[in-house]
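Please look over the chain below before reading on.

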Amino acid sequence: MPAGRRTTDDGGSSGLATEDGGSGGRTAGSGRPGGNGRVPRDRQTPEDGRPGAHGVADGDPGPTAEDTQPGRRAAGKAQPTEDGHGLADANHAQPTEDGHGLADANHAQPAEDGHGLAGGGRGRAEANGRAGRRGVVAPASAAVAVAVAGGRRVAPAAAPVPVWPGAATPLGARFRTGPDGVAGTNFALWAGGAEAVELCLFDEAGKETRARLTELTHEIWHGFVPGVLPGQRYGYRVHGRWDPWTGARWNPAKLLLDPYARAVDGAFRLPPEVYGHVRDWPDQHVADTVRDDRDSAPYVPKGVVVHDDDDWSDDRRPKTPWADSVIYELHVRGFTMRHPGIPEELRGTYAGLAHPAAIEHLTRLGVTAVELLPVHQFAHEDHLLRRGLRNYWGYNSIGYFAPHAAYAASGTAGQQVGEFKRMVRALHAAGIEVVLDVVYNHTAEAGEYGPTLSLKGIDNQRYYRLQADARRYADYTGCGNTLHVVQPHVLRLITDSLRYWVTEMGVDGFRFDLAAALARSMHDVDMLSPFLAVIAQDPVLRRVKLIAEPWDVGAGGYQVGAFPPLWAEWNDRYRDAVRDFWRHALPDVREMGYRLSGSSDLYAWGGRRPYASVNFVTAHDGFTLRDLVSYDRKHNEANGEGNRDGTDDNRSWNCGAEGETDDAAIRALRRRQLRNLLTTLLLSTGVPMLVAGDEMGRTQHGNNNAYCQDNETGWLDWSLLEDPGWRALSELTARLIGLRHRHPVLRRRAFFSGSAHSADGLRDLAWFTARGAEMTEGDWYAPAATLGMYLSGRDIPGRDERGAPVLDESFLAVLHAGEDPAGFVLPGPPWAERYEVVVDTSLEEQAEAPGTVHRAGAAITVPGRSVLLLRVAG
């Protein structure tokens with residue numbers, strides 16, 4: 001999980017907002033800071049819990065008979081203007097006589113002195129910032145510049161655009177041949193509660209032309225526009241009620257990104273105009289109820305019509321079995337930005353990752369899949385932009401069909417789609433699968449104080465989970481909002497997106513950020529939830545790799561081991577046990593035994609296999625592997641949050657000095673600990689996941705939450721490979737992965753039984769103490785720094801592709817976390833006659849196997865803090 005991912009503007013911290021308005025703590029290790037800027041109930045006025053519900057202007061006759069609640073206006077339908085273009089709204093803003101600003105027949109009007117709001121038949125906001133229950137249009141004051149005073153007027157198109165009925169499916173913008181062979185684009189947008197939808201087309205100069213979509217089928221607004229070709233930029237304006245108290249936040253002044261846009265052109269900026277409410281309203285606790293009628297179009301990116309009939313007939317997916325997989329988590333930009341072998345103009349891009357120099361490193365290591373940090377179109381948070389920073393990781397999605405445009409070297413007018421596909425093809429040709437880290441649990445629109453970019457303006461009430469007080473969002477993600485996956489159209493959005501990336505973009509699987517949030521039904525996590533049920537029966541999605549981050553920040557959100565068959569999971573219990581063992585902090589070795597052998601205590605149910613456990617020691621969030629052995633404490637000052645962000649539960653040990661040091665002994669010990677951690681990971685049963693750069697000693701200088709460090713802190717430093725010590729670590733990593741690929745006993749497809757399957761009593765898995773004796777029940781509960789694990793290659797369940805039994809060599813792994821050398825008696829017959837050393841992590845150079853042979857039953861010395869891997873030689 002992206003620990004410490006910041007989502008708020010005020011830098012504060014608070015607990016989780018639940019649907020009943022309460023607050024709860026976060027799960028251990030989530031690391032996500034709080035601060036959601038929500039209005040405490042004790043700050044609301046007594047009158048039905050909504051500030052300013054009673055305010056009316058002097059002489060105002062008050063609400064009409066149709067108003068059933070204080071201060072709320074009745075909804076009005078959008079009406080066509082006299083010229084037939086654009087939409088006027090009886091309850092929304094109308095152009096003033098001078099052509100500037102926006103007056104509103106049912107909303108407040110500017111007073112004669114230009115300040116405050118005069119009554120127009122409904123409640124008003126006074127100069128002190130009080131807002132009526134239904135929300136108001138902001139006053140034209142100098143303090144809050146809005147449409148009436150120098151803002152941009154939402155103007156109708158200058159000329160009509162022909163719109164034919166078109167079709168309600170597929171959703172999005174699809175170029176095709178229409179009636180009579182006319183080329184054009186079909187536009188379809190689900191906007192269930194909207195009163196009207198305008199399609200907005202933009203030319204190269206940014207001039208906007210609008211067309212009404214008048215066809216409505218099953219809550220989908222649609223139309224075919226002849227002559228609209230690939231490369232056309234577009235967006236939507238959606239009309240409806242402005243009533244934040246009920247969750248209605250329609251605002252046609254805001255240009256909205258099509259949720260199904262397959263390419264996005266332009267960067268997200270977050271000036272005040274991009275917010276559906278007046279962001280800088282003086283009384284901040286009601287700011288989200290004051291509608292902002294300034295045009296956001298100049299400040300937001302647009303969708304792009306894309307046409308690509310690629311059938312992938314020339315591509316061959318690797319289809320690597322789960323048990324044979326080695327995952328390598330990387331950032332497209334960070335992996336390529338400083339690579340000397342990649343041309344400068346391609347660095348930081350999909351084309352850079354497709355370059356032979358990048359792929360050569362992956363194939364040399366032997367990894368079978370890259371897990372890409374988010375590549376869906378994402379936006380930067382306002383609080384980061386104000387500090388001169390950017391969202392680097394990308395866990396702030398806004399376009400679920402569009403590859404992030406900033407990662408394209410070829411252009412952003414649709415070229416990014418083809419560039420992404422070429423990257424996938426190049427990786428597939430090298431035998432490497434592509435897994436995407438996807439963020440369907442929340443969007444970049446944050447909470448009630450966040451911008452209006454897409455779903456919030458299309459139908460806020462039905463896209464997001466809202467609290468009982470519908471002005472507020474239910475936040476199970478720590479990022480301000482949570483998509484309401486129980487809603488059919490939201491479920492359709494997610495599954496359509498997933499299928500698109502598989503069938504049309506060529507990817508091989510997904511890692512789901514905060515997957516527990518997607519598995520919630522109405523409130524609780526439910527393993528029979530609509531999302532999981534739909535995935536399980538989908539003929540496309542059930543065949544790809546599915547990885548859950550099995551937790552969220554809500555109550556009951558920690559679900560490690562609970563996801564159903566088909567799913568693998570990030571196993572944080574593996575991470576914690578291995579970290580604790582190598583810093584000699586485990587009270588006994590029970591936990592370590594389970595984690596080394598596939599975590600059967602978590603996954604041996606319902607037909608799940610050992611590869612349900614994705615084993616990792618580090619991930620993108622948290623310390624790098626080098627920092628894990630170099631820092632006791634996080635050092636996140638560069639994030640500008642006073643070192644409050646990021647988790648404090650690091651389970652790290654600095655080996656005697658905090659940070660970088662010239663002490664040769666400490667430096668040597670740190671490298672040995674890195675070898676121990678990597679060797680443990682790659683010898684464990686399950687699916688290992690490495691983080692890019694850990695194999696060469698990448699450091700973030702103690703920053704364990706580099707989500708906003710789009711700079712040398714977050715980028716991989718390839719010059720490390722010039723150092724013989726770091727190069728040797730990379731070579732050891734490649735050797736261990738190669739060993740894993742050659743020996744099926746290290747990548748079992750079924751759990752160990754621990755039982756004897758032959759007359760000599762040899763079991764498939766056995767555990768030994770330092771005395772050379774098999775461990776007893778009491779040994780598992782006793783403090784110990786040394787553990788022996790015997791893996792039998794004679795008792796591997798299953799058969800090969802031709803139906804023959806799977807046979808392999810047998811191995812003994814000895815892990816010793818103690819500071820001092822320790823004696824270890826090698827098990828005698830029937831386990832072995834002799835043992836040959838294959839890996840000894842006490843040695844700096846590991847290019848070749850040491851080759852030392854020991855007699856079974858001999859007492860050997862295991863160096864302090866080291867791993868010995870021995871092959872049974874006879």
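What follows is a set of questions from a reader, each with an answer.

Reader: What kind of model is this, and from which number does the residue numbering start?

Author: This is a predicted model, in which local features need pLDDT of at least 70, side-chain atom pairs count only at pLDDT 80 or more, and totals for chains, interfaces and linings use all residues. Side-chain values use heavy atoms, with hydrogens and water left out, and residues along each chain, as its sequence is written, are numbered from 1.

Reader: How many helices and strands are in the chain?

Author: Both kinds of element are DSSP runs numbered from the N terminus, helices being H or I with at least four residues and strands E with at least two. By that assignment the chain has 16 helices and 39 strands.

Reader: What percentage of the residues of the chain count as buried?

Author: A residue is buried under 20% relative accessible area, exposed over 50% and partly exposed in between (1.4 Å probe, protein chains only). The chain has 874 residues, and the buried part of them is 63%.

Reader: What share of the contacts with a separation of 6 or more joins residues 24 or more positions apart?

Author: A contact means heavy atoms within 4.5 Å. Among contacts in the chain with a separation of 6 or more, the share from residues 24 or more positions apart is 71%.

Reader: What is the volume of the largest cavity?

Author: On a 1 Å grid over the protein atoms alone, a cavity is a set of points where a 1.4 Å probe fits but cannot get out, and its lining residues have an atom within 4 Å of a point. Grid points are joined across faces, edges and corners, and the volume is the space filled by probe spheres set on the points. There are 10 cavities of 30 Å³ or more. The largest cavity comes to about 170 Å³.

Reader: Which residues lining the largest cavity are the closest to its centre?

Author: Strand S22 (327–330) and helix H1 (332–336) each give at least two residues to this lining. Of the 16 lining residues, the closest to the centre are His-331, Tyr-392, Val-691, Arg-698 and Gly-714.

Reader: Which elements give two or more residues to the lining of the second largest cavity?

Author: The second largest cavity has a volume of about 90 Å³. Its lining includes Arg-579, Trp-582, Arg-583 and Trp-653. The elements that supply two or more lining residues are helix H10 (572–582) and helix H14 (664–683).

Reader: How many residues apart are Arg-462 and Glu-219?

Author: These two form a salt bridge with closest N and O atoms 3.0 Å apart. Arg-462 lies in helix H6 (residues 455–463), while Glu-219 is in the loop between strand S14 (215–217) and strand S15 (220–226); the pair links distant parts of the chain, 243 residues apart.

Reader: Which residues are linked in a network of salt bridges?

Author: The structure holds 58 salt bridges. Those linked in a network are Asp-572, Arg-575, Asp-576, Asp-580, Arg-583, Asp-649 and Arg-651.

Note on methods
1 Å grid on protein atoms, 1.4 Å probe; cavity = no way out; pocket = protein on both sides within 12 Å on 5 of 7 lines; lining within 4 Å. Salt bridge = Lys/Arg side-chain N within 4 Å of Asp/Glu carboxyl O.
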